[in-house]
Amino acid sequence: GKLEKAQLGLFSTKLTDTGGEALCAGLVGKELQDLDLRLFNTSVADKTGLALGKFLGSCGKMTKLSLILAGTKIGDSGGESIANGLVALPLLTTILLAFERTLVSPGRVADVKRKLQRPGLQINY
């Protein structure tokens, strides 16, 4: 069947970039409309952020997204890739976005928020 809704939470795991990249590669976004992805206290870093951004950019039918990254090693390049993936989602109407205790700089977070501003998109931080 087609994966239209997914909820995935990884909490206090030893997940590194190798696993993070594999996770993103295993997700198929073509039909995905609703994603709740939470990574808490993992060792994922920018390679995972880059893969996640690429994955998000392929989710052309996504309308709802919760993306919470807390206690990760994702930095500015991963954060920028994620932002670019989010901006590429034309049908997105609702997003919950949180970068907490990551290596993404406050300036990059502000840039992500600025890029996402558009009519009809409800954003919660």
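## Strand β5 and its partner

T94 stands opposite Q122 in β5. The model is predicted. Three bridges join β4 to β5, and the two strands run parallel. Between them lies helix α4, residues 106-116. The chain passes from β4 through α4 to β5, and this β-α-β crossover is right-handed.

Strand β2 covers residues 34-40. Seven bridges join β2 to β1, and the pair runs parallel.

Helix α1 spans residues 17-26. Together, β1, α1 and β2 make a β-α-β unit, and its hand is right.

## Helix α2

Helix α2 takes in residues 46-57, twelve in number. Its first and last C-alpha atoms are 16 Å apart. That is close to the 16 Å expected at 1.5 Å a residue.

Which residues of α2 are buried? They are T48, G49, A51, L52, G53, F55 and L56. The cover over these buried residues includes α1, β2, β3 and α3 (76-87). An α-helix has 3.6 residues a turn, so residues three or four places apart point the same way. In α2, the buried set includes T48, A51 and L52. F55 and L56 are buried there too.

Strand β3 (residues 64-70) pairs with strand β4 (residues 94-100). The sense is parallel, and the pairing extends over seven bridges. S66 stands opposite L96 in β4. I68 stands opposite A98 in β4. From β3 the chain crosses through α3 to β4, and this β-α-β crossover is right-handed.

S66 sits in strand β3. Is S66 buried or exposed? Its relative accessible area is 14%, under the 20% cut-off, so S66 counts as buried.

Leaving aside residues up to four places away in sequence, S66 touches L35, D36, L37 and L96. L96 is also the residue opposite S66 in β4. The β2 strand spans residues 34-40, and the contacts of S66 include L35, D36 and L37.

## Cysteines

How many disulfides does a search of the whole structure find? The count is zero. A disulfide would need the two sulfur atoms within 2.5 Å. C59 is likewise in no disulfide, with the sulfur of C24 as its nearest cysteine sulfur.

Both cysteines are buried. C24 has 8% relative accessibility. C59 has 0%.

Notes. Residues are numbered from 1 along each chain as its sequence is written. This is a predicted model: local features need pLDDT of at least 70, side-chain atom pairs count only at pLDDT 80 or more; totals for chains, interfaces and linings use all residues. Side-chain values use heavy atoms; hydrogens and water are left out. Two strands pair if DSSP finds at least two bridges between them. Helices (H or I, at least four residues) and strands (E, at least two) are DSSP runs, numbered from the N terminus. A crossover is right-handed if, with the strands pointing away from the viewer, the path from the first strand over the helix to the second runs clockwise. The expected span of a helix is 1.5 Å times one less than its number of residues. Buried means under 20% relative accessible area, exposed over 50%, partly exposed in between (1.4 Å probe, protein chains only). Contact means heavy atoms within 4.5 Å.
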